[in-house]
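Please keep the structure in view while reading.

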Amino acid sequence: MRLRIALCQVALLILSMPAPGAELFYMDHDPTSGEYVGPVGPLVMSGEIIPGDYDRLLSKILDDPSRFLAQNKLILASDGGDMSEAIKIATLIRS
């Protein structure tokens, strides 16, 4: 019984942890053809947008600005999240 209670407590602790935010990565395959494009694929932002994702995106771009500018695109695969953070991201990309 104690083991079951401990497992439930661990599960609740894991479920209550804050989401890490949207995942940021460079795609190395063309999403339409599946063709390998090498290490110069577009930047992808995937997942729910949470506060702090704007800063994470900006930091990812500034880590290697020439790589981002070579593609000059961001693929956004998000089904929602924090509206004010999304507007900040849109303003950044638009500029």
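A nonpolar core is a set of buried Ala, Val, Leu, Ile, Met, Phe, Trp, Tyr and Cys residues joined through side-chain atoms within 4.5 Å. Buried, in turn, means under 20% relative accessible area. The model discussed here is a predicted one.

In this model, the largest nonpolar core has 11 residues: Ala-22, Leu-24, Tyr-26, Leu-43, Met-45, Ile-49, Tyr-54, Leu-57, Ile-61, Phe-68 and Ile-89. At least two residues of this core come from each of the elements β1, β2 and α2. The largest share, three residues, is supplied by α2. In soluble globular proteins, nonpolar side chains tend to be buried together.

| Element supplying at least two core residues | Residue range |
|---|---|
| β1 | 23–26 |
| β2 | 43–46 |
| α2 | 53–63 |

These elements belong to a chain with four helices and three strands, which follow the order α-β-β-α-α-β-α from the N terminus. Of the 95 residues in the protein chain, 21% are buried. The chain exposes about 6900 Å², and 61% of this area is supplied by carbon and sulfur atoms.

Contacts can also be considered along the sequence. Among contacts in the protein chain with a separation of 6 or more, 69% join residues 24 or more positions apart. Ile-49, a member of the core, is in contact with Leu-76, Ser-78, Gly-80, Gly-81, Asp-82, Glu-85, Ala-86 and Ile-89, leaving aside its neighbours within four places in sequence.

Which residue lies over the face of Tyr-26? Arg-67 does, at 3.9 Å from the ring centre. A search of the whole structure for aromatic pairs finds zero.

Conventions:
Residues are numbered from 1 along each chain as its sequence is written. This is a predicted model: local features need pLDDT of at least 70, side-chain atom pairs count only at pLDDT 80 or more; totals for chains, interfaces and linings use all residues. Side-chain values use heavy atoms; hydrogens and water are left out. Rings of Phe, Tyr and Trp (its six-membered ring) pair if their centres lie within 6.5 Å; planes under 30 degrees apart count as stacked, over 60 as edge-to-face and the rest as tilted. A charge sits over a ring if NZ of Lys or CZ of Arg is within 6 Å of the ring centre and within 35 degrees of the ring normal. Buried means under 20% relative accessible area, exposed over 50%, partly exposed in between (1.4 Å probe, protein chains only). Contact means heavy atoms within 4.5 Å. Accessible areas come from the Shrake-Rupley method with a 1.4 Å probe; for residues, only the protein chains shown count as cover.
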